[in-house]
Every structure is written in C-alpha cells, then in structure tokens.
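Keep the viewer open and turn the model as you read.

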Amino acid sequence: MSDSTNNLFLEPERSEFRAAPIHHFELARRDFFKLLGAGIAVFAIARNSSAMQETAPGPRSFHSEEPPKEITSWLHVGEDGTVTGFTGKVEIGQNIRTSLAQTIADELRVPFESVRMVTADTALTPFDPGTFGSRTTPTMTPQFRRVAAAARDLLIGVAAKEWNVAPEGLIAADAKISDPASGRSLRYAELARGKTLAQNLPAEDPVTPAAQWKIAGKPVPKVDGRAFVTGRHQYTPDLRPAGMLYGKVLRPPSFGATLLSCDDSAAKAMAGVAIVRDGDFIGAAAPTEREAQNAVAAIRAQWKEVPQISNKELFAYLKEKASSSSEARHRNQKGSVNDGLASAAHRLDATYTVAYIAHAPLEPRAAVAEWTGGKLTVWTGTQRPFAVRDDLAAVFHIPEGSVRVIVPDTGSAYGGKHTSDAALEAARLSRAAGHPVKIVWTREEEFTWAYFRPAGVIEVKSGLAADGTLTAWEFHNYHSGSSGIETPYDVSNQRTEYHPVPLVLRSGSYRGLAATANHFARETHMDALARAAKIDPLEFRRKNISDARLRSVLDATAKSFGWPRKKSQEGRASVSQLASKRAATLPPAQKWPSTAHPAPCASFAWWKHSNVAPSSIPMDCAIRSSAR
Amino acid sequence: MPAPIELEVNGKKCLVNYPPDTSLLTVLRDELGLTGTKYGCGEGQCGACTVLIGGAPRRSCQVPVSAGVGKSITTIEGLEKEGLLHPVQQAFLEADAFQCAFCTPGMIMSSVALLHAKPNPTSSEIIQFLQGNICRCGTHPRIIDAVRQAAKTMQGGRP
C-alpha cells in the first residue's frame with residue numbers, strides 16, 4: 001500500500017462535523033426581491049459573525065447595502081401573503097419540509113397551508129454545510145422560529161407606522177395585525193404590498209414558549225403527501241429535461257484499479273452515442289439507457305488491479321494494520337485494568353466484528369446535469385448540495401457562481417449521500433454530449449462503488465466481582481470509529497481506545513456513526529456478563545450505573561417492551577422459528593454482490609478466576625438479540 | 001427497427017418502439033413518462049417497481065415489455081379516478097405511512113393487489129404479502145395500519 005493511502009485514516013465523525021468554509025451570499029438584495037416579488041424579508045446570520053454584531057435590532061431597510069454575508073436562513077412574506085422559508089437543508093424523508101413550515105406558521109401566526117419551504121437549491125437558499133447528524137430540528141427549527149418572530153415584529157412595525165400608533169398594543173394573529181384599541185386590522189399581504197423591506201435577525205428576540213405552540217408539535221398532514229401517494233413527486237431519477245441522454249460509466253473491475261489501455265472504437269461507431277474518456281473515467285451517453293449500456297459494454301478496457309483484502313482476511317488485516325500508538329484523544333484510562341482483572345471473580349473477554357455495510361437508500365445515487373452557455377445546473381439527491389457545487393466548480397474549473405445544484409426531495413440517504421459522484425459523472429458526460437445527461441446508479445453500483453460504513457474489530461476484556469459489580473473494562477475499537485466508545489457504566493478500572501486503520505474500501509459517513517458498532521459490542525457484552533453473574537440483565541445494568549438520567553432511560557426502555565417478562569419458552573421458540581424460517585426463505589441460488597457481508601458477530605472467551613482455559617464460542621448475535 | 005408493441009396502460013392504448021425484451025419498467029418510465037413506478041434494484045428484490053398486470057402484482061423490472069401485450073397494466077398513476085384517490089392511497093396519506101416515500105408507489109400497488117385478492121387480511125397476511133416490498137426508512141407499522149384502514153374503507157363500500 002502506498003504512503004499516501006496509509007495516511008488516509010478514517011475519522012468519519014471529524015470529517016462530517018468539520019467546520020465548513022464560510023461562503024458568501026451571492027444574491028444581491030435587488031435580485032432577491034426581483035426573484036420573489038416585493039415583500040418583507042428577514043435574514044438569519046451565523047452566530048458570532050461580525051455582521052450579526054453590527055446589526056442593530058429593530059426594523060430597518062438597507063437600500064444601498066448588499067444583504068449580509070454568512071446568512072444561514074431567511075424568510076419572505078410576499079405581497080399575496082405567501083410565506084416562504086429558505087434553507088440549504090435537504091428533505092430526504094425526515095419530514096423537515098413539513099416540520100419547518102409548522103414552526104414558521106406557528107411563530108408568524110399564519111395558517112400552516114400558507115407557508116412553503118424552498119430547500120437545498122444553491123441559487124436560492126443560503127449556504128448550509130449539509131443535512132446530517134440529526135441537526136436540522138435542533139439548529140434550523142429554533143432559527144426559523146426567531147426569524148419568524150422578527151418578521152412578525154417587522155409587520156407590527158409597518159402597521160404601527162401606517163396607523164401612527166405605538167407597536168406595543170398591536171396583536172399578530174391569523175395572518176393579520178390588529179389594533180384592539182381601534183378595531184382596525186391589516187392582513188400581512190396588505191402590509192407587504194409595495195414594500196422591499198429586509199432586516200437582519202436581531203440578536204435577541206423572544207419567541208413563543210413551547211406550551212403556547214398551536215401548530216408546531218402537533219400532527220399535520222405531510223406537505224406534498226398527495227404527490228407521493230400518486231407517484232407525481234419527481235425524484236432525481238424521474239427528471240427528463242428535453243433532449244436528455246442517459247449516461248453509463250464503465251466501472252473498474254476492483255477498487256484502486258487504474259486504466260492501462262482502452263479501445264472504444266466499436267462504441268464510438270454506435271449511432272447517437274457520445275463516449276467520454278478522461279483519465280481513468282470512461283462513460284457513454286446515449287438516447288436510451290440500453291444504448292448507453294451497450295456502448296459501455298462494447299468498450300475494451302484493460303486495467304491494472306491491486307491486491308484486495310478478502311472478507312476472510314479482513315478482520316485480521318484490520319488488527320494487523322492498526323496504528324500501534326493512537327493519538328491521546330483516542331485513549332481514555334482510569335485506574336488499572338490489570339488490578340481490576342486480578343481482583344475479579346469472573347472474567348469475560350470477547351471479540352466482536354462488524355462488517356462493511358452499505359447505506360442502501362432505496363433511491364440510488366442519481367444526477368441530471370445540464371450545461372447552458374458555460375453554466376452548469378445539476379439536480380441530484382445529495383445531503384450536501386453546497387459541497388457538491390464546490391466539487392463541480394473545482395473539477396470543471398469554473399466559478400462556484402456558474403454552478404447551481406438543486407436537490408429534489410430525495411429517496412433517503414442515511415449518511416450515504418455526502419459525495420458528488422453521480423453529479424460529477426453526469427456533468428462530465430453532459431459537457432461532452434452537448435445535451436442534458438442523467439445518471440442513475442444501478443443497485444450493483446450502489447453495493448460496489450458507493451462508500452461504506454467501515455468494518456471494525458472490537459475487543460473487550462472485563463471483570464466482575466462476585467456480587468456483579470464491574471471491576472475492569474477494557475475496550476478497543478479497530479477502524480470502525482470512536483463515536484460512543486466510552487462506557488456509561490461505573491468501572492473504576494477502565495481503558496478505552498480507538499485504533500485508526502488505513503482504508504480498505506471506500507468508507508465514509510453513515511447513520512449513527514461508529515456508535516452503532518460500539519453500543520452493539522458493549523451491550524452484547526453486558527448481556528453476557530449478566531448471565532455470568534446470574535443477574536437479570538436490567539438489574540445488572542442498574543447495579544453498575546449511577547447516572548440518574550441513564551437509569552431512567554433503562555427503566556423507561558425496559559417498561560416499554562415489558563421487561564422483565566416471564567421466562568418463556570416463547571422466546572426460545574421464536575429463536576428457532578426465526579432460524580428455520582430464515583433458512584427456508586433464503587433463495588436457493590441468490591447471486592450476492594462480491595461485497596456481501598456477514599452479520600455482526602462475536603466470539604467469546606470465558607473463564608472463572610482466570611485459571612480455566614478459555615474456549616471460543618462463536619455466536620450469531622443477530623439472531624440471539626432478536627430473541628429478547 | 002422492431003415492430004411497435006401495443007400496450008394498454010391505465011386504460012389507454014399506446015404504441016411503443018422498444019426491443020421486446022426491454023423491461024416494462026424502462027418503457028413505463030422512459031417512454032410513457034410514468035415515473036411513479038420506481039427503479040430500486042432491477043432484480044425483482046425490492047418491490048419499488050410493482051405494477052398490476054391483469055390485476056396481479058408484478059415486478060415491472062423483471063417483466064419484458066412483450067409480456068405486457070394484450071393485458072391491462074395499471075401503474076400508480078392509474079389509481080386516482082377523477083381526482084379521487086384510491087382508498088389505499090387515501091389510507092397511506094392518512095396513516096402517514098411513508099418517510100422518503102420512494103417505496104410508496106410499489107407498496108401501494110402491492111397492497112391494492114392484496115385487498116383485491118383478500119378483502120380482509122390479518123396483520124400477518126399483510127406482512128407476508130408485502131415481504132417483497134422493502135421500506136428502508138422503517139415505516140412498516142404504519143404501512144400495516146394503512147392497509148388495514150383501506151380494507152375497512154373498501155368493505156364499507158367506498159370506491
């Protein structure tokens with residue numbers, strides 16, 4: 001493996017949450033109002049930015065000023081009373097198009113139906129680093145609440161000026177400002193008419209307390225729900241701009257393969273087909289998908305492959321290649337694990353392995369690209385539209401302002417749609433073909449060429465006192481990541497460590513990050529320890545945890561699934577039923593992709609007083625845990 | 001150029017010029033613009049491309065277009081009648097039985113076929129019937145609720 005590859009240590013948590021560069025808002029104020037029509041707008045500025053500190057509270061218009069930079073969201077009240085919220089976040093099924101509109105309607109005091117959200121369009125919405133980490137609700141929702149409150153104040157201010165009264169006595173409700181003293185009222189649409197008023201979000205602005213919310217936090221029908229149940233909603237793969245061609249990419253035979261030679265003469269001779277060869281990239285665009293496929297199949301390419309690690313070798317490889325001295329931030333130690341193990345009445349050591357896992361969103365990675373006079377528009381299902389824009393600008397050597405990325409509401413992502421692969425491929429083919437080009441990855445491409453949740457090896461050593469108190473806990477995660485690696489249980493002698501390993505397969509962000517693997521290993525191990533101590537697994541956990549909040553979580557969880565339930569034959573029966581059912585329903589000659597992975601599993605080494613020879617018991621934890 | 005193939009889709013006759021072994025899914029989406037039927041896997045494993053052929057649920061990615069000749073084909077776009085949703089569509093909407101909704105058209109088509117064959121299915125029959133339709137978001141409990149609700153509505157005589 002080359003030196004440069006050796007440096008590619010995987011830290012998805014860090015890359016996902018890395019500080020994004022601050023991009024500048026490119027839309028001039030007059031363009032903004034030209035785009036949306038006249039009305040009233042409020043802009044939220046990134047916290048701690050100088051623009052925010054300079055902003056004086058209270059309504060004001062900025063005639064000669066450009067809109068402030070570092071804007072994170074904005075809201076517009078149009079002359080027809082339509083309220084539009086703008087955010088760079090994407091809708092991938094988490095339902096933010098509905099929940100953000102609820103928040104705005106609630107705080108602005110307008111009907112839910114009058115609010116629409118414009119999301120994830122780099123030409124229309126403010127910069128956003130991406131939709132991941134479940135951050136939209138905790139960060140974007142409060143922001144829109146403050147933006148809506150400021151817009152409401154602005155509307156009150158306009159009405160107060162109109163009536164020449166003090167704003168304090170005026171009331172905002174039902175998309176109107178009313179003056180109880182005189183009985184007058186003006187609708188938001190009337191107040192916005194003929195205005196081009198814009199305001200930065202005041203530093204402090206009180207918002208409605210949760211107890212008084214009327215629309216937020218209550219069930220409402222999903223926005224555009226009807227379009228989804230009728231099939232009318234257009235995901236990226238459903239787009240068909242006029243003159244569009246279908247694109248296909250010739251994939252290398254394995255990871256890291258480089259192109260040695262290529263004969264594309266037969267493909268080039270096919271009518272209506274455009275062939276692109278650019279470095280190791282080879283692709284075709286054609287009027288139908290089949291023609292594109294046939295063209296790619298007709299290309300004779302020779303590749304130089306590099307040796308690959310097999311599934312069989314994978315876990316040994318990860319252990320072997322782990323860096324021997326991890327950085328201090330990846331280590332945590334308390335007391336002495338050796339002392340804790342020496343004083344233990346029971347010891348249990350185990351190794352857990354976690355396979356590479358594909359995100360498998362039901363909508364595959366897809367993009368439609370269209371060039372118009374040196375400007376590029378790409379529709380693509382991505383979680384990071386602005387990063388895709390930047391990638392496109394960099395790869396095609398054009399300014400960011402010449403690239404527009406639009407994200408149609410997307411068929412899920414699970415952390416798997418952070419990269420710009422399909423967008424780059426469609427744009428490259430489109431530029432050569434002189435037509436819009438659509439690329440939709442096949443499921444096979446999804447399972448072979450999309451990045452994975454990384455595999456990992458987790459080793460646990462532990463000791464228990466005779467009464468079931470944990471005396472020692474040593475936990476090593478190789479490769480899969482450090483999220484959630486610390487144990488929440490009380491152990492006076494403990495050591496946890498994350499060992500980075502150079503990438504084996506293309507790996508990246510994924511739902512839950514490494515917490516999934518670390519929780520799986522830790523809690524599986526805790527169950528095994530409870531059995532060793534002959535204590536109920538819930539009691540065993542309660543005994544070893546002092547954090548009151550976590551104890552409440554355990555209690556609430558156990559209650560919700562009826563634990564402790566009667567020791568049942570039922571549970572046992574369901575395991576064997578499940579196992580036999582699985583065997584019966586497996587298709588006889590299923591052709592699995594080469595990257596198919598085994599379920600997470602564990603092997604245990606057990607002994608008492610550490611004088612009994614350890615034995616290894618392989619277990620299928622996926623089946624075992626489903627019996628609970 | 002192969003001879004044009006005549007299809008009847010959502011009650012309308014149409015002629016398509018595709019090689020007869022082209023998948024019905026491709027023809028529906030790329031030729032007829034009926035993009036409500038989704039490509040999810042191309043191997044008949046995920047159910048996103050489910051359509052009704054002669055009332056029976058079929059994975060359109062696995063059906064050559066030639067096999068659709070002379071049969072009535074219904075896609076998700078064909079369920080709504082004069083602005084009125086099919087009870088299964090209405091029930092999915094009311095039960096909020098989707099998140100990203102990419103599986104929803106296929107899920108609805110399979111459910112329509114189920115209720116046609118078995119108007120009052122038990123939960124386990126619903127689960128069994130919909131096994132070939134994958135929802136990666138995990139909305140299954142609501143999907144089961146929606147199908148049960150639709151069954152009730154349809155038995156109550158609504159369209």
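The accessible surface of chain B amounts to about 7000 Å², and carbon and sulfur atoms account for 51% of that area. Please bear in mind that this is a predicted model, so the confidence values further down deserve a look too. In chain B, 52% of the 159 residues are buried.

**Fold and dimensions of chain B**
- Five helices and five strands make up the secondary structure of chain B.
- Read from the N terminus, the order of elements in chain B is β-β-α-β-β-β-α-α-α-α.
- Chain B has a radius of gyration of 15 Å, close to the 15 Å that the globule rule gives for 159 residues, so chain B is as compact as a globular protein of that length.
- If you count contacts in chain B between residues at least 6 apart in sequence, 56% of them join residues at least 24 apart.

- You will find L130(B) in the loop that links α4 (123-129) to α5 (140-155) of chain B.
- Is L130(B) buried or exposed? Its relative accessibility is 7%, and because buried means under 20%, L130(B) counts as buried.
- Beyond its neighbours within four places in sequence, L130(B) is in contact with M107(B), S110(B), S111(B), I143(B) and V147(B).
- G47(B) is 83 residues away from L130(B) along the chain, while the C-alpha atoms of the two are separated by 8.7 Å.

- For the complex, the predictor reports an ipTM of 0.97 and a pTM of 0.86.
- Chain B has a mean pLDDT of 96, with 97% of its residues at 70 or more.
- Chain A has a mean pLDDT of 83, and 81% of its residues reach 70 or more.
- Residues 1-26 of chain A have pLDDT below 50, and this stretch has 57 contacts in the model beyond near neighbours in sequence.
- Residues 48-69 of chain A also stay under 50 in pLDDT; for this stretch the model has 44 contacts beyond four places in sequence.

Conventions:
Residues are numbered from 1 along each chain as its sequence is written. Chains are lettered from A and ligands numbered from 1 in the order in which they are written. This is a predicted model: local features need pLDDT of at least 70, side-chain atom pairs count only at pLDDT 80 or more; totals for chains, interfaces and linings use all residues. Side-chain values use heavy atoms; hydrogens and water are left out. Helices (H or I, at least four residues) and strands (E, at least two) are DSSP runs, numbered from the N terminus. The radius of gyration is taken over C-alpha atoms; the globule rule is 2.2 Å times the number of residues to the power 0.38. Buried means under 20% relative accessible area, exposed over 50%, partly exposed in between (1.4 Å probe, protein chains only). Contact means heavy atoms within 4.5 Å. Accessible areas come from the Shrake-Rupley method with a 1.4 Å probe; for residues, only the protein chains shown count as cover. pLDDT is the predictor's confidence in each residue, from 0 to 100.
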